[in-house]
Amino acid sequence: MKIAVVSTNGQDVDLHLGKGYSLYVYEYENDDLTFTEHREVDIDLESQHQGSKVIKACEDCDVIIAAQYGFKSKVKADQLNIKLVMDEGSVDEVLKRYIDHYNFMKN
């Protein structure tokens, strides 16, 4: 499973999806979480409703975790079978919460 987190610094999940100019991508497989890459998205920080740009940059991901997202982004992600998750805090804590929930729901 490929998980993207929306983060200004790679340390904290701290951006609204529509302002997600910086993404950190992780691979979770066989109980192992590995950082794979940093992606940058061409976002105009003065404009609104740019979640679709971020989702397009994550088309190969299964999950995107952001501090917030809007309804249009949720619809777009659903169409592409990408799960949007709203959470914030340190990247490590947010990823642990998501993976713990994922494993709980899987069993």
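Two strands count as paired if DSSP finds at least two bridges between them, and the strands themselves, like the helices, are DSSP runs numbered from the N terminus, with at least two residues (E) for a strand and at least four (H or I) for a helix. With that in hand, look at Ile 65, which stands opposite Val 85 in strand 6. The model you are viewing is predicted, so local features need pLDDT of at least 70 and side-chain atom pairs count only at pLDDT 80 or more, while totals for chains, interfaces and linings use all residues. Residues are numbered from 1 along each chain as its sequence is written, and side-chain values use heavy atoms, leaving out hydrogens and water.

Strand 5 (residues 63-66) pairs with strand 6 in the parallel sense, over four bridges. Both belong to an open sheet of five strands, with mixed pairing and the order 4-3-1-5-6. Strand 4 (32-40) and strand 6 (83-86) are the edges; each has a single partner strand, so one side of each is left without a neighbour in the sheet. From one strand to the next the twist averages 25 degrees, where axes are lines fitted to C-alpha atoms (for helices over the stretch in contact) and angles run from 0 to 180 degrees between N-to-C directions.

Now to the aromatic rings. Rings of Phe, Tyr and Trp (its six-membered ring) pair if their centres lie within 6.5 Å; planes under 30 degrees apart count as stacked, over 60 as edge-to-face and the rest as tilted. By this rule there are four aromatic pairs. One of them joins Tyr 24 and Phe 35, a tilted pair at 6.2 Å centre to centre with 40 degrees between the planes. This pair links distant parts of the chain, with Tyr 24 in strand 3 and Phe 35 in strand 4, 11 residues apart. The rings of Tyr 26 and Phe 35 have centres 5.4 Å apart and planes at 70 degrees, so this pair is edge-to-face.

Tyr 24 is buried at 14% relative accessibility, and Tyr 26 is buried with a relative accessible area of 11%. Phe 35, at 41%, counts as partly exposed.

Two loops deserve a stop. Asn 30 is found between strand 3 (22-29) and strand 4; its phi is near 50 degrees, a positive value in a residue other than glycine, and Asn 30 is exposed at 71% relative accessible area. Asn 81 lies in the loop between helix 2 (71-79) and strand 6. Phi of Asn 81 is near 60 degrees, again positive in a residue other than glycine, and Asn 81 counts as exposed at 69%.

We finish at helix 3 (residues 91-106), whose 16 residues reach 22 Å from first C-alpha to last, close to the 22 Å expected at 1.5 Å a residue; the expected span is 1.5 Å times one less than the number of residues. Its buried residues are Val 91, Val 94, Leu 95, Tyr 98, Ile 99 and Asn 103. They cover an arc of only 160 degrees around the axis, which puts them on the same side of helix 3; the arc is that of the directions from the helix axis to the C-beta atoms. The face turned away from this buried side carries the exposed residues Lys 96 and Phe 104.

Notes: Buried means under 20% relative accessible area, exposed over 50%, partly exposed in between (1.4 Å probe, protein chains only).
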